[in-house]
Amino acid sequence: MTQPFTPQQNAKLLPQYSLLRVVDISKDFTLPREGWRRGPTLRAVEKISFDVTEGEVLGLVGESGSGKSTLGRLVLRLIESSAGKIYFNGQDISLLSSRALLKLRSDMQMVFQDPFASLNPRRKVGAALEEVLELHGQRDRNDRQNRVAELLRLVGMPAEAAARWPREFSGGQRQRIAIARALAVNPRLLVADEPVSALDVSVQAGVLSLLRTLQSDLGLTMIFISHDLSVVEVMADRVMVMYLGRVMEIAPTRELYTSPLHPYTAGLLAAAPQAHKKKADRVMLKGEIPSPINPPSGCVFRTRCPYVLPKCEVEVPVLKDLGAGRLVACLRDDLALTAEAVE
Ligand SMILES: Nc1ncnc2c1ncn2[C@@H]1O[C@H](COP(=O)(O)OP(=O)(O)O)[C@@H](O)[C@H]1O
Ligand code: SF4
Ligand SMILES: [Mg+2]
């Protein structure tokens, strides 16, 4: 009898389908009250919709405050949405009970930015990993210990690391341990939120290449969040550009970096360090990001857009699907942008 394919093999063989579908998701935060007045509402994510295909890496980029982390947390149901739906593997997970959520936790995991904060300093590495396995039903101690050794090997750490304390490891090593912990329960979706931003530049490449290898070897689906375009370029198959809680553009990685369609994307690319080797004095994205409590009317990017027209103040651009995986939210279709177009 032929053996059934593993899920990883399936992911490579079967026609691709959306493992994650997000529909019109929004998130409001109510800020603390000011004196006797009700606190203002901040819309961190505004009606965002997107799909992630099984085995795909979707990159999320945008300046700080654009809602990337909030969106990542919404997807994993670490925070509740204010509106919208999330489907995982075809199932609506927007309204799951806490018991069903525990099962979901083993399908979806997150790697956070700060490896120093994400590991309990009072647990040895092995105990921390075993704890996760136990929580997810692995009762046999021997099995757990074998799995811990396997996980450590998977992330390039020696088995002896299990007997040591988190404080004995560098930032890069701790992030590897955090990745091992996320993988312990065999997730299908991994959300990595700025996983190398807190690390020394010298160790960033190693952790990125580990993530890339694990992703492809395990057939993982990944949402990879970073404010750093060069990091996203290495990791992502497709990129979603966010600004003030809205999607500005979605495109396959190569196309986004070579022919951006949204002025904000072009500005981000022009501002990236590698883009201005020749023109160090290039003027980049101008002005401050407006307050999300009181965002600009019409197109939220209009206060910083070099191509702004009067209509941009009144009309809200919708995310248009131009085909070939390219979507853009701009009222103008007469722009010929390059990665250096915003001056
Ligand atoms: N718990 C919270 N309470 C209030 N405001 C928040 C909270 N979390 C995030 N925000 C606000 O939501 C917006 C988006 O934040 P965030 O998702 O962290 O953006 P990014 O990850 O892109 O930097 C920011 O204006 C931020 O201040
Ligand atoms: S809609 Fe107008 S303001 Fe917004 S990005 Fe396009 S041109 Fe600029
Ligand atoms: Mg963030």
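How many bridges join strand β3 to β8? Four do, and β3 (residues 57-61) and β8 run parallel. Strands pair here if DSSP finds at least two bridges between them. Helices (H or I, at least four residues) and strands (E, at least two) are DSSP runs, numbered from the N terminus. What you're looking at is a predicted model, where local features need pLDDT of at least 70, side-chain atom pairs count only at pLDDT 80 or more, and totals for chains, interfaces and linings use all residues. Residues are numbered from 1 along each chain as its sequence is written, while chains are lettered from A and ligands numbered from 1 in the order in which they are written.

Let's stay with β8, residues 221-225. On the other pairing, five bridges join β8 to β7 (residues 189-193), again in parallel. To find your place, look for Leu58, whose bridge partner in β8 is Ile223, and for Asp193, which stands opposite Ile225. β7, helix α8 (residues 201-218) and β8 make a right-handed β-α-β unit; with the strands pointing away from the viewer, the path from the first strand over the helix to the second runs clockwise.

In a regular strand the side chains alternate between the two faces of the sheet. In β8, Thr221, Ile223 and Ile225 point one way and Met222 and Phe224 the other, and all are buried (20 or more other C-beta atoms within 10 Å of a residue's own, C-beta atoms being placed from the backbone; 12 or fewer is exposed, in between partly exposed).

Ile223 and Phe224 turn up again in the largest nonpolar core, a set of buried Ala, Val, Leu, Ile, Met, Phe, Trp, Tyr and Cys residues joined through C-beta atoms within 7 Å. Leaving aside neighbours within four places in sequence, Val75 is in contact with Leu20, Val22, Ile86, Val191 and Ile223 (C-beta atoms within 7 Å).

Leu129 is one of the buried residues of helix α5 (residues 125-135), and those residues pack against α6 (141-154) and α7.

Now the ligands. Ligand 1 is surrounded by 13 residues, the closest being Phe29, Ala44, Lys68, Ser69 and Thr70 (C-beta atom within 6 Å). The largest share of that shell, three residues, comes from α2. Around ligand 2, the nearest residues are Cys299, Arg302, Cys305, Cys312 and Cys330.

Note on methods:
Contact = placed C-beta atoms within 7 Å.
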